Amino acid sequence: MDGIDKLGLSTALAKARKSYQEGGIPIGAALVYHGSSTDPKDAVVLGCSHNSRIQKSSATLHGEIAALEDAGRLKAEVYRGSTMYTTLSPCSMCTGAILLYKIPRVVIGENENWVGGEELLKSQGVEVIVINNAECKELMGKFIVEKPEEWNEDIGEIQ
């Protein structure tokens with residue numbers, strides 16, 4: 001991972017840990033602007049958050065959606081110079097938001113516990129990178145075992 005990816009994934013992972021500590025679903029995300037630069041000094045975290053469905057009784061506050069909300073209203077060119085970092089493969093809703101704003105790159109902490117819209121993202125020209133981060137896997141796996149009903153609710157599954 002380069003410096004910008006370390007910044008983005010570590011920010012997302014910190015938010016996932018926070019959500020877990022609050023009793024929520026441990027998925028974090030960060031939107032990082034870097035333009036065409038690969039220098040971490042040029043990177044800016046525009047927004048970061050975590051899945052807040054449980055904490056806020058929300059139907060839509062998945063990590064990526066919450067990170068976009070935290071970033072606020074942005075010009076189209078800002079999204080196109082940014083990367084979305086997420087600790088878990090993005091669901092259909094979050095994939096749709098990434099496609100809507102034409103975010104060109106998504107870095108995923110892990111996709112062993114669940115695979116979302118990665119193929120759709122790739123088919124639309126989005127660069128998708130899966131890091132296979134051990135802490136992301138462990139944190140999500142632990143939550144799924146501890147609270148399967150809340151996990152199934154989050155991904156729209158009936159138990």
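In which loop is Arg80 found? Arg80 sits in the loop between helix H4 (76–79) and strand E3 (82–86). The model is a predicted one, in which local features need pLDDT of at least 70, side-chain atom pairs count only at pLDDT 80 or more, and totals for chains, interfaces and linings use all residues. Residues are numbered from 1 along each chain as its sequence is written, and side-chain values use heavy atoms, with hydrogens and water left out. Helices (H or I, at least four residues) and strands (E, at least two) are DSSP runs, numbered from the N terminus.

Arg80 has 42% relative accessibility and therefore counts as partly exposed. That class lies between buried (under 20% relative accessible area) and exposed (over 50%), using a 1.4 Å probe and protein chains only. Leaving aside neighbours within four places in sequence, Arg80 is in contact with Tyr101, Lys102 and Pro104. Contact means heavy atoms within 4.5 Å. Arg80 and Val126 are 46 residues apart in sequence, yet 11 Å apart in space, C-alpha to C-alpha.

Lys102, one of the contacts of Arg80, is found in the loop between H5 and E4. Its phi is near 55°, a positive value in a residue other than glycine. Lys102 is partly exposed, with a relative accessible area of 48%. Asn132 also has a positive phi, of about 60°, although it is not a glycine. Asn132 lies in the loop between strand E5 (127–130) and H7. Its relative accessibility is 39%, so Asn132 counts as partly exposed.

Helix packing was examined next. Two packed helices are described by the angle between their axes and the distance between the axes. The axes of helix H3 (residues 63–71) and helix H5 (residues 92–100) come within 8 Å and cross at roughly 40°. H3 is therefore oblique to H5. Angles under 35 degrees count as roughly parallel, over 145 as roughly antiparallel, 65 to 115 as roughly perpendicular and the rest as oblique. Axes are lines fitted to C-alpha atoms, for helices over the stretch in contact, and angles run from 0 to 180 degrees between N-to-C directions. H3 contributes Glu64, Ile65 and Leu68 to the contact, and H5 contributes Met93, Cys94 and Ala97. By class, the contact of H3 with H5 has 5 nonpolar, no polar and 1 charged residues. Here Ala, Val, Leu, Ile, Met, Phe, Trp, Tyr, Cys and Pro count as nonpolar, Asp, Glu, Lys and Arg as charged, and the others, Gly among them, as polar.

The largest nonpolar core has 20 residues. Such a core is a set of buried Ala, Val, Leu, Ile, Met, Phe, Trp, Tyr and Cys residues joined through side-chain atoms within 4.5 Å. Leu31, Leu68, Met84, Ile98, Ile103, Val106 and Leu121 have the most contacts inside the largest core. Strand E1 (28–33), H3, H5 and strand E4 (105–108) each supply at least two of its residues. H3 gives the most to this core, with 5 residues. Apart from it lies another core, of 8 residues, among them Ala12, Ala30, Cys48 and Val107. Val106 touches Thr83, Met84, Thr86, Ile98, Leu121, Val126, Glu127, Val128 and Ile129, not counting residues up to four places away in sequence.

Ser49 is found in strand E2 (residues 44–50). Ser49 is buried, with a relative accessible area of 15%. Beyond its neighbours within four places in sequence, Ser49 is in contact with Lys15, Gly28, Ala29, Gly63, Ala66 and Ala67.

The 19 residues of H1 should span 27 Å at 1.5 Å a residue, and the end C-alpha atoms are 27 Å apart, which agrees. The expected span is 1.5 Å times one less than the number of residues. In H1, the buried residues are Ile4, Asp5, Gly8, Leu9, Thr11, Ala12, Leu13, Ala16 and Ser19. Their cover includes E1, E2, H2, E3, E4 and H7. For helix H7 (residues 134–146), 13 residues should span 18 Å, and the end C-alpha atoms are 18 Å apart, in agreement. Cys136, Leu139, Met140, Gly141 and Phe143 are the buried residues of H7. They pack against helix H1 (3–21), helix H2 (53–56) and helix H8 (148–154).

Glu22 lies in the loop between H1 and E1. At 39% relative accessibility, Glu22 counts as partly exposed. Glu22 touches His50 and Gln55, residues up to four places away in sequence not being counted.
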